[in-house]
Amino acid sequence: MLTAGTGIQQGAVLAMLRELSSTLSPATAESETRKRMSQGSKFLLAGVMGWPVMHSRSPKLHNYWLQHYGLAGSYVPLEIKQDQLEQALRALPVLNFAGCNLTIPHKETALRLVDSVDPVARRIGAVNTIVVGPNGQLEGRNTDAYGFISSVSSAQPEWHAGDRPIVVLGAGGGCRAVLTALIEAGAQEIWLANRNRARADALAQEFGPPIAVCDWSKRHEALDEAGLLVNTTSLGMLGQPPLDIVLRTLPVTAIVCDIVYVPLETPLLAAARRRGNPTVDGLGMLLHQARPAFEAWFGVLPDVTPALRTMMEATL
Ligand SMILES: NC(=O)c1ccc[n+]([C@@H]2O[C@H](COP(=O)([O-])OP(=O)(O)OC[C@H]3O[C@@H](n4cnc5c(N)ncnc54)[C@H](OP(=O)(O)O)[C@@H]3O)[C@@H](O)[C@H]2O)c1
């Protein structure tokens with residue numbers, strides 16, 4: 001095993017969930033949406049802005065919950081070009097939208113267009129959720145860190161971030177959310193490996209301890225004491241080559257997590273399952289990240305149930 005400096009944070013996953021949850025769903029927005037619902041006269045509206053956007057699975061997910069909880073409303077795909085994002089966002093309060101999600105290419109641009117950005121979104125460097133406030137102000141949030149840690153914790157309740165070293169592969173947008181979540185959850189030692197080493201070095205410098213960078217060529221060697229391995233690269237995704245990693249030294253008790261969710265079982269997860277490692281797929285993160293957004297808009301914290309997973313799996 002490679003050795004790293006000790007981390008600076010201790011903390012339980014549940015405490016982190018509570019903190020992230022409260023950051024992501026401030027009482028003001030919740031009470032506002034509850035008030036809106038209790039008025040009973042308004043059709044609830046939210047959507048996802050992207051270009052392209054029709055590939056997004058968010059409408060299926062949020063419309064399932066709207067129907068499940070008996071709420072009159074709709075969540076719609078909104079095809080918005082890059083240079084029209086500001087206009088589109090400013091139209092949300094006029095159109096009586098509770099908010100929206102953002103997908104490619106808008107997540108980073110939105111940081112400078114909204115009226116306020118929550119600390120988690122600021123740390124991740126991207127906004128995936130907009131909440132319209134009582135006076136039409138726009139708040140930018142990011143629910144991906146919450147989604148990641150909730151997905152791992154609900155699939156593997158015994159896991160604690162601080163117990164054993166963690167290996168994270170990648171350095172892109174998804175990786176920033178995963179690192180944010182792991183550090184908040186009390187990770188003591190995170191080995192980060194990315195093909196482009198400079199990007200990993202920059203992330204380690206920005207996020208600080210407990211991250212240590214491991215060269216991409218040495219990623220296999222970082223596994224021998226790991227309690228969690230997370231793939232945040234796009235390798236293994238449909239149309240991409242599989243992730244090339246030798247799991248031989250990975251303890252069989254280590255959790256293997258892939259944030260890629262198409263296919264649901266990536267070649268990495270299949271290899272991990274065959275050798276007996278517990279696995280967590282990327283669909284869990286996608287489902288869990290939507291919960292605090294739905295709550296902030298509509299006042300109900302929805303559940304991730306087996307029926308919801310089955311419905312969403314059919315869309316992959
Ligand atoms: N489950 C969820 O809710 C969720 C959330 C976010 C993302 N995702 C998924 O996570 C994946 C990554 O998304 P992202 O937004 O983080 O992408 P991104 O910002 O474009 O980053 C892509 C990452 O993959 C690495 N990579 C790409 N091709 C590679 C190759 N041939 N060899 C080695 N490394 C390679 C890149 O390394 P370099 O820096 O060296 O280019 C980079 O670290 C996607 O499949 C996305 O769908 C899932």
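A: Start with the open sheet: six strands in the order E9-E8-E7-E10-E11-E12, with parallel pairing. Strands E9 (211–213) and E12 (279–280) stand at the edges with a single partner strand each, so one side of each has no neighbour in the sheet. Two strands pair if DSSP finds at least two bridges between them. Helices (H or I, at least four residues) and strands (E, at least two) are DSSP runs, numbered from the N terminus. This is a predicted model: local features need pLDDT of at least 70, side-chain atom pairs count only at pLDDT 80 or more, and totals for chains, interfaces and linings use all residues. Residues are numbered from 1 along each chain as its sequence is written.

Q: How many bridges join E7 to E10, and which residue stands opposite Val168?
A: In general, strands of a sheet pair through backbone hydrogen bonds, either parallel or antiparallel. Here, four bridges join E7 (residues 166–169) to E10 (residues 228–231), and the two run parallel. Val168 stands opposite Val230 in E10.

Q: Which helix packs on the sheet and touches E7, E8, E9 and E10?
A: That is H7 (residues 173–184), and its direction makes about 165 degrees with that of E7. Axes are lines fitted to C-alpha atoms, for helices over the stretch in contact, and angles run from 0 to 180 degrees between N-to-C directions. Contact means that the C-beta atoms of two residues, placed from the backbone, lie within 7 Å. Helix H8 (residues 197–207) also packs on the sheet, touching E8 and E9.

Q: What is the handedness of the unit made by E7, H7 and E8?
A: Point the strands away from you; a crossover is right-handed if the path from the first strand over the helix to the second runs clockwise. E7, H7 and E8 make a right-handed β-α-β unit. Its strands, E7 and E8, pair in the parallel sense over four bridges, and Ile166 stands opposite Ile190 in E8.

Q: Are the residues on the faces of E7 buried or exposed?
A: Count neighbours: a residue is buried if 20 or more other C-beta atoms lie within 10 Å of its own, exposed if 12 or fewer, and partly exposed in between, with C-beta atoms placed from the backbone. In E7, Ile166 and Val168 on one side and Val167 and Leu169 on the other are all buried. Of the 316 residues of the protein, 47% count as buried.

Q: Which residues of H3 are buried, and where do they lie on the helix?
A: In H3 (residues 58–68) they are Ser58, Leu61, His62, Trp65 and Leu66. Seen down the axis of H3, they fall within an arc of 130 degrees, so they line one face. The arc is that of the directions from the helix axis to the C-beta atoms. These residues pack against E1 (44–50), E2 (73–79), E3 (99–102), H10 (282–298) and H11 (306–313).

Q: Which peptide bonds are cis, and what is the phi of Asn96?
A: Most residues other than glycine have a negative phi, and most peptide bonds are trans. A cis bond joins Trp51 and Pro52, with omega about 0 degrees. Pro52 lies in the loop between E1 and H3. The bond from Val262 to Pro263 is also cis, with omega near 5 degrees. Asn96 is not a glycine, yet its phi is positive, about 65 degrees. Asn96 counts as exposed because it has 12 C-beta neighbours inside 10 Å.
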